[in-house]
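Please look over the sequence and the model below before reading on. The paragraphs that follow go through it one site at a time.

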Amino acid sequence: MPKAQTQPYRALIDRLREVHLLESTGELLSWDQETMMPAAAVDHRANQLSLLARLAHERATASELGDILQSMPKQLEDPQQNANLREARRVFERSKKLDPKLVGEIAETSSRAQHAWAEARQKSDFRKFCPWLEKMVKLMRAKASCLCDDSMDILWDALAEEFEPGMRARDLREIFPPLRKELGSLLDQLRGASNPPADAASKIAVPQDQQEAMVRFVAERMGFDFDRGRLDRSAHPFCGGSHFADVRITTRFSDDNFLDALGSTMHEAGHGIYEQGLMAEHLGTPMGSAVSLGIHESQSRLWENQVGRSEEFWAWCQPQLSQFFGQSFAGLSARDLYATSNRAEPSLIRVEADESTYNLHIMIRFEMETALIAGDLDPADLPSAWNQAYREYLDLEVPDDRQGCLQDVHWSCGLFGYFPTYTLGNLYAAQFFAKASENLADLPAQLRAGEFGPLKEWLNTNIHAQGMRYPAGELCRRVTGRELDPAGFMTYLRDKVEPLYGKRMNGS
Ligand code: ZN
């Protein structure tokens with residue numbers, strides 16, 4: 001039974017909920033901007049988002065909130081209340097360091113820069129985006145200078161703290177190089193395979209409305225609740241919305257790549273299931289919020305990859321395809337689809353990358369953005385640095401900026417320090433799924449039968465309902481009994497991919 005709430009605690013929760021109301025209104029407007037808004041509305045929307053960001057920041061740093069926090073004891077006995085207090089203090093201290101003018105300027109610039117980025121990307125013309133990138137890097141350096149503290153080594157750390165509390169560049173510099181080496185040696189090994197999996201499945205053209213019916217069916221089957229969420233279309237799939245009962249996921253379709261739409265939908269539904277799994281009674285407080293983006297990404301990647309790219313999933317999914325697509329996929333067995341969805345091939349576009357190469361795209365972005373924020377890389381030189389990195393990491397020539405440094409939206413909206421959370425998500429996903437498989441003895445049979453409920457409930461209980469009770473690293477330790485260990489991801493990947501390339505003849 002939770003401890004009785006004291007007056008200051010109740011006042012604290014009321015304040016936090018007000019901030020959340022403002023922030024979540026902004027999130028809804030951002031969702032609208034990406035899905036429904038007419039292009040001509042961009043200026044007004046930038047003003048709306050900027051005002052909301054300033055109002056939320058004002059509330060989040062109000063002296064009354066500071067007084068409440070000061071009047072409260074260092075710790076509270078109830079662990080959930082204590083987590084709310086701990087996080088409220090952390091966020092308050094951090095928000096206080098920011099100049100409100102800077103907050104508004106960042107919100108407004110990011111809305112406009114995003115628009116400029118979309119145009120530049122369409123024309124594959126970096127010069128059109130470069131002034132905006134320069135402006136954004138300058139703003140981010142200013143923001144980081146306000147936020148930097150003794151626990152951080154470089155300005156970039158202060159930005160990353162917003163997405164993955166406690167994550168530092170130095171930690172990633174320990175994780176990334178060995179992972180890069182392992183992935184490189186796996187790719188070298190696969191390159192020599194005489195009989196790599198065919199990609200026939202990704203070349204079959206099927207109407208987009210049929211694809212949509214199919215991906216809705218899968219999302220619902222996974223446990224995404226359409227009474228408390230929506231699925232719409234956007235250029236870049238994402239998960240937004242305003243709270244656990246209003247979760248907006250998006251996906252995208254192309255005529256001849258159904259697997260991309262399926263993977264994107266399962267990914268975003270995984271994010272959505274996390275949001276819908278947050279505890280209603282903790283709405284608008286840290287206990288009712290996701291731990292970090294790395295943990296969020298672990299939920300999406302787990303559904304997209306550990307489930308959606310598994311042999312068991314395809315054994316269930318292949319027979320479903322005829323309901324939606326008639327005979328279009330009739331020539332492909334579950335095994336063919338499984339093999340296609342696990343092809344490992346260096347490619348230019350991060351969001352289309354397979355599991356064997358995906359993390360290399362992230363390492364490149366980490367290298368670029370730490371250099372940009374440190375002032376070691378001039379924004380104007382980004383295309384050449386980017387293209388050079390793709391040669392080194394993936395042995396690829398980047399033909400144009402559209403397929404190069406203009407492909408991702410993140411930097412245009414000030415999301416520096418965000419990319420590495422994708423790789424952390426991949427690593428966490430492998431570790432969580434291994435633990436779920438240990439706890440749920442029938443998991444393979446359940447997946448083969450399209451029964452995703454037990455896995456969803458396991459995630460609901462162990463991760464979603466925990467809110468921000470524990471920091472990400474501690475949550476991982478509590479759920480899996482171990483620190484985050486990249487070795488688990490490599491084992492998972494090798495176990496899956498090597499046999500598909502005929503590289504595991506001796507069962508090593
Ligand atoms: Zn994601």
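Leaving aside its neighbours within four places in sequence, which residues is H57 in contact with? They are S95, L98, P100 and V103, where contact means heavy atoms within 4.5 Å. H57 is placed in helix α2; helices here are DSSP runs of H or I with at least four residues, strands are runs of E with at least two, and both are numbered from the N terminus. With 9% relative accessibility, H57 counts as buried. Buried means under 20% relative accessible area, exposed means over 50%, and partly exposed lies in between, using a 1.4 Å probe and protein chains only.

The model is predicted, with local features needing pLDDT of at least 70 and side-chain atom pairs counting only at pLDDT 80 or more, while totals for chains, interfaces and linings use all residues. Residues are numbered from 1 along each chain as its sequence is written, and side-chain values use heavy atoms, with hydrogens and water left out.

Helix α2 (42–60) is also one of the partners of helix α3, whose buried residues pack against α1 (7–35), α2 and α4 (79–96). Which residues of α3 are buried? In this helix, residues 63–71, they are L65, G66, I68 and L69. Seen down the axis of α3, these buried residues fall within an arc of 160°, so they line one face of the helix. The arc is that of the directions from the helix axis to the C-beta atoms. An α-helix has 3.6 residues a turn, so residues three or four places apart point the same way. On the other side of α3, the exposed residues are D67, Q70 and S71.

Next comes the metal site. The zinc ion has three protein donors named here, H267 (NE2), H271 (NE2) and E297 (OE), at 2.1 to 2.2 Å from the ion. Donors are N, O and S atoms within 2.8 Å of the metal (3.2 Å for Na, K and Ca); water is not among the atoms, so sites may look incomplete. Along the sequence the spacing of the donor residues is H-x3-H-x25-E.

Neighbours within four places in sequence aside, G272 contacts F224, C239, V247 and I249.

What about the nonpolar interior? A nonpolar core is a set of buried Ala, Val, Leu, Ile, Met, Phe, Trp, Tyr and Cys residues joined through side-chain atoms within 4.5 Å. The largest such core has 133 residues, of which F258, V307, F313, L382 and F416 touch the most other members. Not counting residues up to four places away in sequence, L382 touches F126, L133, M368, L372, L377, C405 and W411. Apart from this core lies another, of 13 residues, including A11, I13, L69 and M72.

F416 and W411 also belong to an aromatic cluster, together with F163, Y358, W386, Y390, Y418, F419 and Y422. The whole structure holds 24 aromatic pairs. Rings of Phe, Tyr and Trp (its six-membered ring) pair if their centres lie within 6.5 Å; planes under 30 degrees apart count as stacked, over 60 as edge-to-face and the rest as tilted. The charged end of R365 sits over the ring of F419, 5.6 Å from its centre, and that of R180 sits over the ring of Y393, 3.7 Å from its centre. For this, NZ of Lys or CZ of Arg must be within 6 Å of the ring centre and within 35 degrees of the ring normal.

Two loop residues remain. S124, in the loop between α5 (100–123) and α6 (126–147), has a positive phi of about 55° although it is not a glycine. S124 is partly exposed, at 24% relative accessibility. D395, in the loop between α16 (382–394) and α17 (420–439), has a positive phi near 60°. D395 is exposed, with a relative accessible area of 61%.
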